[in-house]
Amino acid sequence: MKYVTIILCLFCFISCKNQEKEPETNVEEHTIEDVGFQPDNAHNSQNSLDWAGEYKGTLSCKDCEGIETRILLQQDLGYELLQNYIGRSETPVSINETGEFKWDKQGNTISLGKHQKFYFQVGENYLLQLFEDGTKVMGDSAMKYRLTKINNL
């Protein structure tokens, strides 16, 4: 009986040792470019959001306390911009202009302004002011660059 047990143990050991491991299934990782995925340009801020309306807020200012800002965006791409610089004692500045704003190619950002260009990312019920290069302020100070929609047109 002893010999049978030893032989069985050796047989199991040898059979386990000779088994080849099955190759692991390679799951290929694909990037967006590999599978040909393209973002859905049919859905953007311009055609998916109810963006026409009145936006208000106080934007950040380098040499004053803030800039009270009101922007009215019209469906026909017309705009009205009102700005009042708060706390500027030497030369108080107010801007009141009208004109036509433009959407970027992706339909998510607008530009407006005759004397100074302003860029805004259009979101659901807000405008977020961007820098000229299209970047936005991140973190806690981002709220200082945001206008909130107060009325629809």
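Trainee: Which strands each supply at least two residues of the lining of the largest pocket?

Mentor: Strand 3, strand 7 and strand 8 do. A strand is a DSSP run of E with at least two residues, and a helix is a run of H or I with at least four; both are numbered from the N terminus. This is a predicted model, where local features need pLDDT of at least 70 and side-chain atom pairs count only at pLDDT 80 or more, while totals for chains, interfaces and linings use all residues. Residues are numbered from 1 along each chain as its sequence is written, and side-chain values use heavy atoms, without hydrogens and water.

Trainee: What makes a space a pocket and not a cavity?

Mentor: The way out. On a 1 Å grid over the protein atoms alone, a cavity is a set of points where a 1.4 Å probe fits but cannot get out. A pocket is an open set, with protein on both sides within 12 Å along at least five of seven lines. Lining residues have an atom within 4 Å of a point. The largest pocket holds about 430 Å³. Of its 17 lining residues, Ser-60, Lys-62, Gln-116, Gln-129 and Tyr-145 are closest to the centre.

Trainee: How many residues of that lining are nonpolar, polar and charged?

Mentor: Nine are nonpolar, four polar and four charged. Here Ala, Val, Leu, Ile, Met, Phe, Trp, Tyr, Cys and Pro count as nonpolar; Asp, Glu, Lys and Arg are charged; the others, Gly among them, are polar.

Trainee: How do you know that strand 1 and strand 2 pair?

Mentor: Count the bridges. Pairing takes at least two by DSSP. Strand 1 (residues 53-59) and strand 2 (residues 66-73) have seven, and run antiparallel. They form a hairpin with six residues between them. Strand 1 also pairs with strand 9 (residues 146-152), antiparallel, over four bridges. Gly-53 faces both partners: it stands opposite Leu-73 in strand 2 and opposite Asn-152 in strand 9.

Trainee: Why is Ala-52 called buried?

Mentor: Its relative accessible area is 3%. Buried means under 20%, exposed over 50%, and partly exposed in between (1.4 Å probe, protein chains only). So Ala-52 counts as buried. Ala-52 sits in the loop between helix 2 and strand 1. Leaving aside neighbours within four places in sequence, its contacts (heavy atoms within 4.5 Å) include Leu-73, Lys-149 and Leu-153.

Trainee: Is Asn-44 buried or exposed, and what makes it so?

Mentor: Asn-44 has 12% relative accessibility, so it is buried. Asn-44 lies in the loop between helix 1 (2-18) and helix 2 (45-48). A polar atom of its side chain is 3.0 Å from the backbone nitrogen of Gln-46.

Trainee: What makes the phi of Leu-77 stand out?

Mentor: Most residues other than glycine have a negative phi. Leu-77 is not a glycine, yet its phi is positive, about 75 degrees. Leu-77 lies in the loop between strand 2 and strand 3 (78-86). At 27% relative accessibility, Leu-77 is partly exposed.

Trainee: What is the phi of Asn-125?

Mentor: Near 70 degrees, a positive value in a residue other than glycine. Asn-125 lies in the loop between strand 7 (118-123) and strand 8 (126-130). Its relative accessibility is 38%, so Asn-125 counts as partly exposed.

Key
Polar contact = N/O pair within 3.5 Å; in protein donor to acceptor, adjacent residues only side chain to side chain. Points joined across faces, edges and corners; volume = space filled by probe spheres on them.
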